[in-house]
Amino acid sequence: MSLYGGIDLHSRISWLVILDGALKLVRQIKLANSLAEFLRVLEPYRGELAGLAVESTPNWYWLVDGLQDAGYRMHLANTYAAQQYSGLKYTDDRHDARWLAHLLALDILPEGYIYPAHERPLRDLLRRRGFLVQKRTSMVLSLQGAFGCHTGHRVSSDTVKKWTASEIEEQFDNPLVARGLTCLLQPMNAMSSQIRTLEKEVLAQAKLRDEFALLKTVWGIGPILAMTVMLEVGDIKRFETVGNFASYCRLVKTDRISVGKRKGAGNAKNGNPYLSWAFSEAAHFAIRYHDTARRFYQRKRARTNGIVAVRALAHKLARASYHVMRDQVEFNPQRLFA
């Protein structure tokens, strides 16, 4: 009889549960996060284990890669989609591990994509770049807000990035006000330097695969964003439809509709936050440099707000990118904005 395992993974310890095909408990044990310990406990069941389900937590690389290298068939559980019924009276880590094994045995485990290990370092490097870009943007916005608060004037982000301490000090009579702005210049410039360093490193180490090369024809997507999309998507064939891809990019509505009425929202965290950010970045660039995209954004903004309008444009760019990657065709703005 085949056996099915579930692992509830945490930072220091984990629970391993093994069930048989009839969902009867075979083994449950709490283990320290040591690959050697997992291999020791699993060895007696190696021949019968049909698969092991591991919770997709931020620290899964070492365990999944190690067990795959040892010959075990691994399944990465989609944590948000595999949640147990919220009405249960009692659950703990042991029950969570059993639930994963239960879903795997029934062949209904909602799975995440186990990205190829050899490409993860570059993908993670671009994720660190995105993190720095977001932090730098928050500092730029803080500087813009402080300057407008004290002067009543608006200043562009490009101007803020070029500011020096002396230029700011000349604007204000009160040195404390000036200091409130200049204190952000050094960390902002340090982040800009690190962002440029990471970009050079990635472009030197990686090359866009042929099936992703045409991404650079999509409005707002340059070499770095194209590389980001490639390394987050992995294989475009794993998305059967454009709707599946847009959903994975977190660019579709999460409404729950019943009899034509909205009854709440679904799980907005399902999907890839890095692709969501990448296409939003592409939308900002498209608005800046392409009149058609700017007019689309302005029409949307007149009916909603700026954030929703940007996301609407990001959704359109994501859908266009799907067809560019899947069908190997150049971006066609006439079809996108018809």
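Helices (H or I, at least four residues) and strands (E, at least two) are DSSP runs, numbered from the N terminus. The model is predicted: local features need pLDDT of at least 70, side-chain atom pairs count only at pLDDT 80 or more, and totals for chains, interfaces and linings use all residues. Residues are numbered from 1 along each chain as its sequence is written, and side-chain values use heavy atoms, leaving out hydrogens and water.

Start at strand S2 (residues 13-20), which holds Asp 20. Asp 20 is buried but has no salt bridge. Buried means under 20% relative accessible area, with a 1.4 Å probe and protein chains only. A salt bridge puts a side-chain nitrogen of Lys or Arg within 4 Å of a carboxyl oxygen of Asp or Glu. Lys 24 is the nearest side chain of opposite charge, 7.4 Å away. The side chain of Asp 20 reaches that of Ala 22 at 2.9 Å.

Now the largest nonpolar core. It has 69 residues. Such a core is a set of buried Ala, Val, Leu, Ile, Met, Phe, Trp, Tyr and Cys residues joined through side-chain atoms within 4.5 Å. Trp 163, Phe 245, Phe 279, Leu 313 and Leu 317 touch the most other members. Helix H13 gives the largest share, 11 residues. Beyond four places in sequence, the contacts (heavy atoms within 4.5 Å) of Phe 245 include Phe 279, Ala 318 and Tyr 322.

How values were computed: Buried < 20%, exposed > 50% of the residue type's maximum accessible area, 1.4 Å probe, protein only. Lys, Arg positive; Asp, Glu negative; His and termini not counted. Polar contact = N/O pair within 3.5 Å; in protein donor to acceptor, adjacent residues only side chain to side chain.
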